[in-house]
Amino acid sequence: KIKLEDKPKQVQAKREFLTIDELKILIKTDFRNNTVKRAFLFCCFCGIRHCDVAALTWGDLKEDNEGKYTLNMVQQKTKIAISIPLSGEAVKQLPPKGNAKSTDKVFADLISLGRTNEILPKWAESAGIDKHLTFHVSRHSIYHYLLKMNVLKKDFI
């Protein structure tokens with residue numbers, strides 16, 4: 001029975017994201033854990049969660065006749081099936097497949113989310129990026145990237 005204007009309002013937290021220039025810097029900056037680096041950057045270009053990239057198998061990636069890739073999987077958190085066309089930048093972050101089977105994980109030795117979030121800020125610091133880097137930042141970065149690439153129209157969001 002409280003009036004809407006009398007209800008406490010939730011303060012919107014600042015959503016951290018990486019710009020295209022910051023992504024370029026991170027790509028060029030060495031990082032001691034190459035799997036975390038590749039997985040994080042891959043997620044920056046496709047927007048999936050840590051749990052989904054950790055579960056990603058080579059069978060989830062489909063290549064068409066033109067050499068373009070699509071990621072097809074069921075998200076672990078929501079149980080919703082997704083099909084995402086992958087940009088060339090996302091594909092560049094995939095490790096070499098070698099003789100891997102379709103059931104093998106793409107980022108086989110990816111460490112836990114907690115440990116990943118402990119070491120990502122060190123990578124940002126060494127790259128000269130003054131942002132609190134967590135794996136979730138990659139989910140916010142994809143939208144900035146798509147807007148800059150004119151894939152999404154500002155009026156759509």
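The structure is a predicted model, in which local features need pLDDT of at least 70 and side-chain atom pairs count only at pLDDT 80 or more, while totals for chains, interfaces and linings use all residues. Residues are numbered from 1 along each chain as its sequence is written, and side-chain values use heavy atoms, with hydrogens and water left out.

The protein chain contains six helices and three strands. Here helices (H or I, at least four residues) and strands (E, at least two) are DSSP runs, numbered from the N terminus. Read from the N terminus, the order of the elements is α-α-α-β-β-β-α-α-α. Of the 157 residues in the protein chain, 42% are buried. The term buried means under 20% relative accessible area, exposed means over 50%, and partly exposed lies in between, with a 1.4 Å probe and protein chains only. Among the contacts in the protein chain with a separation of 6 or more, 63% join residues 24 or more positions apart; a contact means heavy atoms within 4.5 Å.

The sheet may be considered next. Strands of a sheet pair through backbone hydrogen bonds, either parallel or antiparallel. In this model, three strands form an open sheet in the order 1-2-3, with antiparallel pairing. Strand 1 (61-63) and strand 3 (81-85) are the edge strands; each has a single partner strand, so one side of each is left without a neighbour in the sheet. From one strand to the next, the twist averages 20 degrees. Two strands are said to pair if DSSP finds at least two bridges between them.

The pairing of strand 1 with strand 2 is antiparallel and runs over three bridges.

The hairpin of strand 2 and strand 3 has six residues between the strands. Lys79, in the loop between strand 2 and strand 3, has a phi near 65 degrees, a positive value in a residue other than glycine. Lys79 is exposed, with a relative accessible area of 59%.

Attention now turns to a pair of helices. Two packed helices are described by the angle between their axes and the distance between the axes. The axes of helix 2 (residues 34-46) and helix 5 (residues 113-126) come within 11 Å and cross at roughly 90 degrees. Axes are lines fitted to C-alpha atoms, for helices over the stretch in contact, and angles run from 0 to 180 degrees between N-to-C directions. Helix 2 and helix 5 are therefore roughly perpendicular to each other, a term that covers angles of 65 to 115 degrees. Helix 2 contributes Val36, Lys37, Phe40 and Leu41 to the contact, and helix 5 contributes Thr116, Ile119, Leu120 and Trp123.

Finally, how many disulfides does the model have? The count comes to zero, a disulfide being a pair of cysteine sulfur atoms within 2.5 Å. The cysteine sulfur closest to that of Cys44 belongs to Cys43, at 7.4 Å, which is too far for a bond. Cys44 is buried, with a relative accessible area of 0%. For Cys51, the closest cysteine sulfur is also in Cys43, at 9.5 Å, again too far for a bond. Cys51 counts as partly exposed, at 28% relative accessibility.

Key: Parallel < 35°, antiparallel > 145°, perpendicular 65-115°, else oblique.
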